[in-house]
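Hello,

Here is the structure for you to look through. My notes follow below.

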Amino acid sequence: LAINALQAQRETFHEDECIRLAYTLTKGGVSLSTIPDLAELDVQVRAKRLEKLKELIARVSGILENAASMIGAKAEIISEMGYQPYAGDEKLLELIAENAEALQVPFRYGKHGYYCTDLGDVSMVIPSAHVACSGYRGHLHGKEFMVDNPERAYGLPARLVAATILDYLNDQI
């Protein structure tokens, strides 16, 4: 019941909120045709805005509690905060873009991606920017990933970051 209700929630998400909902049934019984004493469902919710994330966590908790009560069971919900939504600093991103143009480094940026990293936590506290570079081949998290152009992978990004730090610090003084 909970999985079906969670799945139905996806139809209510607005694409501009960058909401992602994932779940895994980690325990669901030990034999066929029996009602398990314990079922565990891990659920992860992501969104680009913290307010929306809190709203979704409350909605998911309600779904789990109601699904359990429908069959006379009880839901024990343990909420743990994962990564905060990433909030790239516009001024910093513009400064990086200016330096990229001056250094002739190909650069493009958006305000939010569909990924989760600990940079979301950092971006809630200090100006931050998520920057990636080229100079490699293969899938980023795959075993075939490898650097095939060290200058593009290390040299250009290092000069871009150094120039941006200098400009940022000079602007703050």
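Val125 sits in the loop that joins helix 4 (119-123) and strand 3 (136-137). Helices (H or I, at least four residues) and strands (E, at least two) are DSSP runs, numbered from the N terminus.

This is a predicted model, in which local features need pLDDT of at least 70, side-chain atom pairs count only at pLDDT 80 or more, and totals for chains, interfaces and linings use all residues. Residues are numbered from 1 along each chain as its sequence is written, and side-chain values use heavy atoms, without hydrogens and water.

Val125 is exposed, because its relative accessible area is 71% (exposed means over 50%, with a 1.4 Å probe and protein chains only).

On a 1 Å grid over the protein atoms alone, a pocket is an open set of points with protein on both sides within 12 Å along at least five of seven lines; a cavity is a set where a 1.4 Å probe fits but cannot get out; lining residues have an atom within 4 Å of a point. A volume is the space filled by probe spheres set on the points, which are joined across faces, edges and corners.

The largest pocket has a volume of about 1700 Å³. Its lining has 50 residues; Glu40, Leu41, Asp42, Val43 and Leu64 lie nearest the centre. Helix 1 (2-9), strand 1 (20-27), strand 2 (40-46) and helix 2 (50-70) each give two or more residues to that lining.

The largest cavity has a volume of about 40 Å³. Gln9, Phe13, Leu21, Val45, Leu56, Arg59, Val60 and Ile63 line this cavity. Helix 2 gives the largest share, four residues.

Best wishes

Notes
Buried means under 20% relative accessible area, exposed over 50%, partly exposed in between (1.4 Å probe, protein chains only).
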